[in-house]
Every structure is written in structure tokens, then in C-alpha cells.
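Have a look at the sequence and the model, then read on.

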Amino acid sequence: MTTFADLGLSPKVLSAVTDAGYTIPTPIQAGAIPPALARRDILGIAQTGTGKTASFVLPMLTLLEKGRARARMPRTLILEPTRELAAQVAENFEKYGKNHKLNVALLIGGVSFDEQDRKLERGADVLICTPGRLLDHTERGKLLMTGVEILVIDEADRMLDMGFIPDIERIAKLIPFTRQTLFFSATMPPEIQKLADRFLQNPERIEVAPPSSTAKTVTQRLVATHSKDYEKRSVLRDLIRAQDDLKNAIIFCNRKVDVADLFRSLDRHGFSVGALHGDMDQRARTTMLANFKENKLTLLVASDVAARGLDIPDVSHVFNFDVPIHAEDYVHRIGRTGRAGRSGAAFTLVSKRDGKFVDAIEKLIDQKIEWLNGDIDALPPQAESEERPRGGRERGGRDRDRSRGRNTRGEPRAETRTETSEAQEKVEAVKAERKTEGRPQAPARNPRAANHAAPRPANDDSRDRRSRYRRDDDDGPTPLGFGDEVPAFMLIAGKA
Ligand code: AMP
């Protein structure tokens, strides 16, 4: 069996890997590290959770042992689609680079330029950036890219989804052609393949874990519910309370406005809960995530965009408050639990309206998901209006959870027109929110093509730059309850 010692890494790197407690490289590491050390280009098809980050960080550390950084001329550049992923890669450099004296600069949106400028001035060995902020720095004349020896493009398909490909192409033009390029993507749609063909020279291709599979160690169940949010919240609370082995859980909503609503509701009901969505400022997000990782919070309500790619080890449970309308998001969500052979549980709340999305998921993962307590047809009839929140309107009704009592099990009620259109409205809203991230409205044969093909006007740059920080994350309407103003009690002391 291959060990890290067999891969050609330097003694300093090997010692840090041993201290991290790893002896056996994952398949992407075993496949990518030796050719990366031989200065070959890499095409890595792997998703987060496979050890992908170390597969480029470890060889980079080894290669960087020769040479020194010069002011404003970084030696290596890593591009990440989101701030959290960029911060996570920086943490990997800290962990595996603890025996090195390398300057690592993190250039992400949402934080001040000044400190980033100072780091660049000192000379950065490693630049880890989101594309928008990097271009801002280069255009301010603070950064020369002509010394970059290694370029890493991580999560390329996600970059495509978020509309970053034109930025990446601009950045690549600033870097010498002779560079080494390490390119990673979870999936390889044709546009990504084309991009790889243009950016990579005779790459070593390593493909691991198909993206349509869920870990066998995860118990997956569907949970029947009526479609109203207050009913779903009640079902969710009961479900959470019924889990004896729940250590920590991520609860996914389709829209960030629902993240905020559900967070407030769970908080009011006394759960230890935090929330993560794209409209929170960077400090709030980092603190929230740190609190969750350190078990100061048991539950984390999140949107797909905010949570994707985050390395949160050992999550015992995943709850899908909403069935994802894109089947591949289900696989990403479930991938938060059952990692590294551990057991995990994933529950998905399903109402009558969700049938076609569940079908799409079951088709993608090629398995039927069992119902927990009988399917939707076995569900007791929906209660009459007296148990619904007063004021009629669901969203924004602050007393909606307080106002409802136990289910009175009234007469079966025919589904009303309002309910039907509300459900449809919700799906449309999710699609609209995703569309701003570059996702198509209707599933196409090749869903990413539409976005990639859409040209951006040449003179659109400044407007585009202003909005780019928002495109680092979700772009839908700002939640009502808290955006950047996260209540102090949620920001329990943690790493800033
Ligand atoms: P990544 O795919 O880079 O997000 O890594 C997922 C998780 O796997 C991280 O928590 C890493 O610390 C961990 N990891 C990376 N390499 C190994 C390894 N060789 N053995 C066990 N765990 C690893």
C-alpha cells in the first residue's frame, strides 16, 4: 500500500503530515502528488471530502522550498470560488506548512484592502484568492503576476456556475505561459473540459469518486410532511428531538430567506443553533462556522451555496428542510455526513409538491430512499385553519410558531388554490435565486452551457466588479431578520 513517504514529498512536509495524523494518502493524493512534484500539469476530477486540498497543498509546499518571494510578485496562485473555501485552503497551508516559513496571503472580498496590501508588499509565496478580489488588486497596480510558477484552479465547475470563467481567463493571461497548472473540478461538463484543454498542457488526469454517489454509511430517509413552513418546522423539531445519537447537524434550506426564518424559529424553541448564508458579513460567517466546528453550536442552518465545500468533519446528521430542486445538491448535502467511513443519518422533509424532485434525486443516486414513517399518502390530513398562524401570511409573521397549538386533526381539507400557487412561487423563487449564481432556470441537457455561453458586454467590467463580491455567495433577496447585523448572542467568542 502506498504511504505518504512513497510520494516524493520533502521531509518537512512529511513531518507535518505525520503530525496531522495521516499516513495513507487518499486516491486523489496518491494520484496527483507525484506528477505535481514532477512539475506536470494536473487535471483532478474530485470533490471536497476526498482529500483534494492536500493533493495540491503538499506538493506546492515541497516545490516552494526552493527560492524566495519578492515584493508584490507572488510565486504561486490558488483561485477559489468562495471566501470560505479560500480560507480553508489557507488553513491547510498553516497545518501542513508549519515547518516552513512561507508567506501566505489570503485575498478575499468583504475584508479591507490595507492588510492585504501589506502582505503583498512583504512578498507572498502563496496567494489564495477569489477571482474578483484578485483582479481588483492587479488593477490597482499592487500586484505583478509575472512571477507565478504554479496556478491552481480549484472547484472549476463551481466557478462556471458562479460566472467566474471570464475572470479566470483574464487572470490566466496575466500569468506566464510556462507556469504549472493544477486544475480541479468535481464534474467535467463540456465547457470545463474545453477550459481544461486550453489551460493545461499534457496533464495527468486523475479521477476519483463519481459525484452521483452517496456514502453507504449514511442512513437516508424521507419524512412526509404537509407543505406549510410552520408544519415543516414542527416536523423538523420532532425529528431532531427523536435523534438520540445526534451530535451535530446541518439543516439545509433552498433559500437564504428560509435559512433566516428557520434559524429564528429553532432559536426561539430553545435549540442550540446558528445560521450560515451569503448575506452575513465575513466575520459573522467565520465566527459562526468556528462555533459550529468547536461544538459550541449543535445545529447549523445553511443554504447550499453558503455550505458547499466547507470542511466540517464528523457531522452526525443532515436534515433537508427543503428537497433540493437540483438533484446534485442532494449529493453535496448528504456528503456532509458519513465521511471517512463514519456512520451518518440524512432526513429529507417531503411534501406532496416535492415528488418530481425526489424522483430526480433517486434517479441520480440510483437508489430508492425509504420513508421514515410511511409515505405522504399515509400522512394524517392537514389541520383546519384554526391551527394555522394568525395573520394568514406565513413569512414574516413573528408569532407564527407561538400561535399554533397541537394538531387538532380536523376534517381533511382539499388543497386550496393559494397553497398550490404558493408552492409554485417558492420553486420559482429558488430558481431565481440560483439563476443569479449562473444557474439555469429550467434543467437543460447541459445545464451549465447556458451560463457559460452568455457573453458579458466588454464595457461591463466596473459594474460587474461591484456585484462580484455578492456573487461569491448567494445573490437572492436579503433575509429580513439579520443580514450583516447578527445578534451578539450568536457571536459567542470564537476564532475571528
Ligand atoms: P478536502 O477534500 O481537501 O476538503 O479534505 C477533506 C478532509 O479529509 C479534511 O478534513 C482533511 O484534513 C482530511 N484528509 C486529507 N487527507 C487525508 C488523509 N490522507 N487521510 C485522512 N484524512 C485526510
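A polar contact here is a pair of N or O atoms within 3.5 Å; within protein, one must be able to donate a hydrogen and the other to accept it, and residues adjacent in sequence count only if both atoms are side-chain atoms. This is a predicted model, in which local features need pLDDT of at least 70 and side-chain atom pairs count only at pLDDT 80 or more, while totals for chains, interfaces and linings use all residues. Residues are numbered from 1 along each chain as its sequence is written, and side-chain values use heavy atoms, with hydrogens and water left out.

**Ligand site**

- T53 places a polar side-chain atom 2.5 Å from an oxygen atom of the ligand.
- G51 reaches a ligand oxygen atom through a backbone N or O atom, at 2.7 Å.
- Q29 has a polar side-chain atom 2.8 Å from a nitrogen atom of the ligand.
- The ligand taken alone exposes 500 Å², and the protein buries 79% of that (Shrake-Rupley method, 1.4 Å probe; for residues, only the protein chains shown count as cover).

**Helix α14**

- Helix α14 spans residues 327–334, and six of its eight residues are buried (under 20% relative accessible area, with exposed over 50% and partly exposed in between; 1.4 Å probe, protein chains only).
- Helices (H or I, at least four residues) and strands (E, at least two) are DSSP runs, numbered from the N terminus.
- Among the buried residues of α14 are D329 and R333.

**Cysteines**

- C129 counts as buried because its relative accessibility is 0%.
- C253 is buried too, at 0% relative accessibility.
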